[in-house]
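The structure comes up next.

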Amino acid sequence: MAALTSLLAPYYIPILLGLAGLQLLIILFLWYNHAEVRRLEGRIKRLAETGEGHDLTAVLARFHDLGEIKKALEQVHEKAADLQVGLEKSFSRMGLIRFNAFPDTGSDLSFALALLNREGHGFILTSLYARDETRVFIKPVHGGRSTYRLSEEEEKALAMALGLLTPEKAAS
């Protein structure tokens, strides 16, 4: 060991300076790594921050729940589209006129009922009440018009169903 010490004696100062430089490089490297870790921790904290103090697993669970909500919303949209198709074909417009068809009956027991869908397709149902009998007629309507001749009451009911006549004006 003494031989090694005497051999290295002239190089003590350069070895010590080299070791000090190496130690300084290691300290700088550790300082850089520490700063990088703190920066990444800050980014993760901002990413996971929910304002309620939840951790990242709770946030990820929320994202999973949002995916399920999105699937349910897509199903609702599909059902709404199906309902929209059915609604377009259903009767959504109505006009009803009550009237006295025969002067000797004394009351408004006769009526004309117009039922139409959005496109104006449907029918007019007319009931004429008399003391001895009641007659019922049905007339088809396409595009807001009937191919059959309409009575004044049927025309009013059709105009009400098309939104061209209000019930107040039809009564007068």
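What follows covers the elements, the overall dimensions, the surface and the nonpolar core.

The model is predicted: local features need pLDDT of at least 70, side-chain atom pairs count only at pLDDT 80 or more, and totals for chains, interfaces and linings use all residues. Residues are numbered from 1 along each chain as its sequence is written, and side-chain values use heavy atoms, with hydrogens and water left out.

The protein has five helices and five strands, taken as DSSP runs numbered from the N terminus (helices H or I, at least four residues; strands E, at least two). From the N terminus the order is α-α-α-β-β-β-β-β-α-α. The protein is more spread out than a compact globule, because its radius of gyration is 45 Å, well over the 16 Å that the globule rule gives for 172 residues. That radius is taken over C-alpha atoms, and the rule is 2.2 Å times the number of residues to the power 0.38. Along the principal axes, the C-alpha trace spans about 145 × 30 × 25 Å.

Buried residues account for 18% of the 172 residues, where buried means under 20% relative accessible area (1.4 Å probe, protein chains only).

The largest nonpolar core has 12 residues, including Ile97, Phe99, Leu116, Val141 and Met160. Such a core is a set of buried Ala, Val, Leu, Ile, Met, Phe, Trp, Tyr and Cys residues joined through side-chain atoms within 4.5 Å. Strand 1 (93-99), strand 2 (110-116) and helix 4 (152-161) each give two or more residues to this core. Helix 4 gives the most, with four residues.

Methods:
Buried means under 20% relative accessible area, exposed over 50%, partly exposed in between (1.4 Å probe, protein chains only).
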